[in-house]
Amino acid sequence: MERKLFSPITFGHVTLKNRIVMAPMCMYSSEPEDGTVQPFHLTHYESRAAGQVGLVMLEATAVQPEGRISTKDLGIWHNDHIEGLQQLTDRIHAHGAKSSIQLAHAGRKAALPNDIFAPSALAFDENYQTPITLSETAIKETIEAFQLAAKRAKQAGFDIIEIHAAHGYLINQFLSPLTNKRDDQYGGNRENRYRILSEIIDAIKLEWTGPLFVRISADEYDQNGNTLDDFIYFSNEMKKQSISLIDCSTGGVIPATIKPYPGYQVPKAEVIKNQVAIPTGAVGLITTGIQAEEILQNERADLIFLARALLRNPYWAKTAADELNTTLEAPKQYSRGW
Ligand SMILES: Cc1cc2nc3c(=O)[nH]c(=O)nc-3n(C[C@H](O)[C@H](O)[C@H](O)COP(=O)(O)O)c2cc1C
């Protein structure tokens, strides 16, 4: 029986063979601390492609060295990064999966020995440095860094780019009134707080004609943070800018205690999909095929992003197909064991 989880979906000229996405997950494994792809990354990402994930998304990859979460993050701030990334996309494509990269800047959540930068000089908590306020010139340079990263992503053969605007990293710090205390055109009302994301999208589109996803944190777990109305506003703006999909996560903007339960973030994907009429991705404690199929069949989201379940089981797609009593094509080398 045809299951929606295993049905294709098309964004622009890119067709995913199913709705299963490997969610971006930092592996902090660029051991030389220069942002380059290492043998571990090749094995890690290729394994999930062999496991029949439809879209393999790389971890948060830094567009500027000062935008790394740690010194061992992957990077895309230099042309020297392209070769390793190209090897990765080749290996992912060899299994019929599509490839994506999450372009990121950590802002005040960079745990680095050097200076760090953010919209306002507010530390995340006592374990983090106090960031330096970005000047308007530095903001322009950061936007250009996202543009150049998109150019390199294209050269490396990625099919989809995702902009990381969630989890309290740089773009999220601009979007949120909790972390953005600026009084220039990049701060204040929500139109201004959205401005950097708007300009990053426009800059990326100068280099990139493929599908563009954005990950947001659609709940800040603070009554003074962005509201649902704000997230609907941002999502409508993204739709006007031709964003293909909003990947709906939550949290990370300020230290807040979250009590996750199965599917806890799915209502965010659902409300944005239905109120804005834009494709969404659901993520967060989705662990079974039945759960994923329910989300898709009930039109609550268009893609299912899986993080920890895929760390435990690179063959999660096969497990889900068995659970949903449907068939899944095996990698030809593995058909005897399927
Ligand atoms: C090891 C690890 C690293 C992560 N790194 C990233 C990241 O680079 N970018 C991002 O947007 N989310 C990151 N996340 C969050 C996941 O993408 C996902 O949203 C979260 O784990 C909830 O999904 P799950 O319940 O399927 O694990 C990370 C999660 C884990 C477990």
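Glu33, Asp34, Asp80 and Glu83 form a negative surface patch. Asp and Glu count as negative, Lys and Arg as positive, while His and the chain ends are not counted. Patch residues have over 30% relative accessible area and no salt bridge, and like charges are joined within 9 Å. A salt bridge is a side-chain nitrogen of Lys or Arg within 4 Å of a carboxyl oxygen of Asp or Glu. Each charge is placed at CG of Asp or CD of Glu. Areas follow the Shrake-Rupley method with a 1.4 Å probe.

The model is predicted; local features need pLDDT of at least 70, and side-chain atom pairs count only at pLDDT 80 or more. Residues are numbered from 1 along each chain, and side-chain values use heavy atoms.

Glu83 belongs to helix α2 (residues 82-93). Helices are DSSP runs of at least four residues (H or I), and strands of at least two (E). Glu83 is exposed, at 61% relative accessible area. Exposed means over 50%, buried under 20%, and partly exposed in between. Met238, in helix α6 (residues 228-240), is buried, at 0%.

Strand β11 (residues 280-283) is covered on both faces. Thr280 and Ala282 are buried on one side, Gly281 and Val283 on the other. Strand β10 (residues 245-249) runs parallel to β11, joined by three bridges. Strands pair if DSSP finds at least two bridges between them. Cys248 has Ala282 as its bridge partner in β11. In turn, Ala282 is partnered with Ile304 in β12; β11 and β12 pair in the parallel sense over three bridges.

Strand β12 (residues 303-306) also has both faces covered. Strand β3 (residues 20-22) pairs with β12 in the parallel sense, with Ile304 as the bridge partner of Ile20.

How values were computed. Patch = residues over 30% accessible without salt bridge, like charges linked within 9 Å, V, L, I, M, F, W, Y side chains within 5 Å. Buried < 20%, exposed > 50% of the residue type's maximum accessible area, 1.4 Å probe, protein only.
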